[in-house]
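Please read it alongside the sequence and the coordinates.

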Amino acid sequence: MTLKLRSVGTSDRGLIRSGNQDALYAGTWLVAVADGMGGMAAGDLASALTIDAVSPLDLETPEDALVAALEGGIALATSRIRQAVAEDPERQGMGTTLTALLFARTGSCLALAHVGDSRAYLFREGVLKQVTRDDTFVQLLVEQGVITADQASSHPRRAVVTQALQGEEVSPSYATMVPRAGDRWLLCSDGLSNVVRPDTLTEVLTGYPDRDACAGKLIDLALHAGAPDNVTVVLADVVEE
């Protein structure tokens with residue numbers, strides 16, 4: 001039995017923003033979501049530069065080289081953002097989140113890289129688990145016991161990230177996992193996770209086995225909830241082939 005990754009991705013600017021600063025990649029071996037920040041043009045550029053930097057990783061990679069490959073992609077993205085800021089000082093402060101998953105050529109392992117507040121969820125055997133930790137001010141408050149997770153969802157500073165790719169030194173989180181047939185991964189920008197509750201995500205991931213239909217439904221739910229931000233969804237299923 002060989003496990004493969006099958007993915008789709010979609011994005012919507014939402015109902016409030018004038019443009020879309022998110023970027024995504026949904027490939028055979030790699031899936032990724034980047035949510036730009038720091039002004040309209042600069043946010044667009046930061047997320048695009050980052051996805052362009054990591055997208056060449058969508059190829060057959062040995063299991064023991066997955067994390068190093070993601071580290072290299074993030075280093076390249078950081079370098080390109082730094083260069084873009086140097087070329088135009090008005091871009092100072094621009095940045096982007098990145099959540100990326102890279103599947104091994106053998107199907108025996110996957111690696112996850114994360115920085116910022118875009119999320120990766122694993123839906124396995126009917127249970128949804130948030131695998132990434134938000135790099136945000138409110139997440140720190142939750143961990144310190146100052147506020148609850150429910151209070152964090154409506155906190156006035158919930159959009160303040162504690163780290164992102166901005167052309168400077170950063171400390172992404174990396175993890176490796178053993179995939180199983182039937183796993184479904186959801187990578188998304190906070191335009192989805194801020195307005196659609198985990199129990200609703202679970203219902204949709206359960207009720208829509210077709211990837212395109214599922215991704216479309218998640219976007220529709222965010223729009224129905226007001227979609228104050230750009231909304232990006234990448235779905236990746238682990239299948240036997």
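A227 is buried, with a relative accessible area of 0%; buried means under 20% relative accessible area, exposed over 50% and partly exposed in between, with a 1.4 Å probe and protein chains only. The model is predicted, so local features need pLDDT of at least 70 and side-chain atom pairs count only at pLDDT 80 or more, while totals for chains, interfaces and linings use all residues. Residues are numbered from 1 along each chain as its sequence is written, and side-chain values use heavy atoms, with hydrogens and water left out.

A227 has a positive phi of about 40° although it is not a glycine. Its place is the loop between α7 and β11 (231-240). Helices (H or I, at least four residues) and strands (E, at least two) are DSSP runs, numbered from the N terminus. E125 is another non-glycine residue with a positive phi, near 50°. The loop that holds E125 runs between β7 (119-124) and β8 (127-130). E125 is exposed, at a relative accessible area of 70%, whereas A227 is buried.

Two further residues, S193 and A77, sit in helices. S193 belongs to helix α5 (residues 190-193) and A77 to helix α2 (residues 66-87).

| Residue | Relative accessible area | State |
|---|---|---|
| A227 | 0% | buried |
| E125 | 70% | exposed |
| S193 | 12% | buried |
| A77 | 0% | buried |

Contact means heavy atoms within 4.5 Å. Leaving aside neighbours within four places in sequence, S193 is in contact with R119, Y121 and C188. The C-alpha atoms of S193 and S153 are separated by 9.2 Å, and these residues are 40 apart along the chain. With the same exclusion of neighbours within four places, A77 is in contact with T50, A53 and L165. A77 and T97 are 20 residues apart in sequence, and their C-alpha atoms are 11 Å apart in space.

Helix packing comes next. Helix α6 (residues 198-207) and helix α7 (residues 211-224) pack at an angle of about 150°, with their axes 9 Å apart. That makes α6 roughly antiparallel to α7. Axes are lines fitted to C-alpha atoms, for helices over the stretch in contact, and angles run from 0 to 180 degrees between N-to-C directions. Angles under 35 degrees count as roughly parallel, over 145 as roughly antiparallel, 65 to 115 as roughly perpendicular and the rest as oblique. On the α6 side the residues in contact are T200, L201, V204 and L205, which meet C214, K217, L218 and L221 in α7. By class, this contact of α6 with α7 has six nonpolar, one polar and one charged residues. Ala, Val, Leu, Ile, Met, Phe, Trp, Tyr, Cys and Pro count as nonpolar, Asp, Glu, Lys and Arg as charged, and the others, Gly among them, as polar.

For the protein as a whole, the secondary structure comes to seven helices and eleven strands. The radius of gyration is 17 Å, close to the 18 Å that the globule rule gives for 241 residues, so the protein is as compact as a globular protein of that length. This radius is taken over C-alpha atoms, and the rule is 2.2 Å times the number of residues to the power 0.38. Along the principal axes, the C-alpha atoms fill a box of roughly 50 × 35 × 35 Å. Buried residues make up 49% of the 241 residues.
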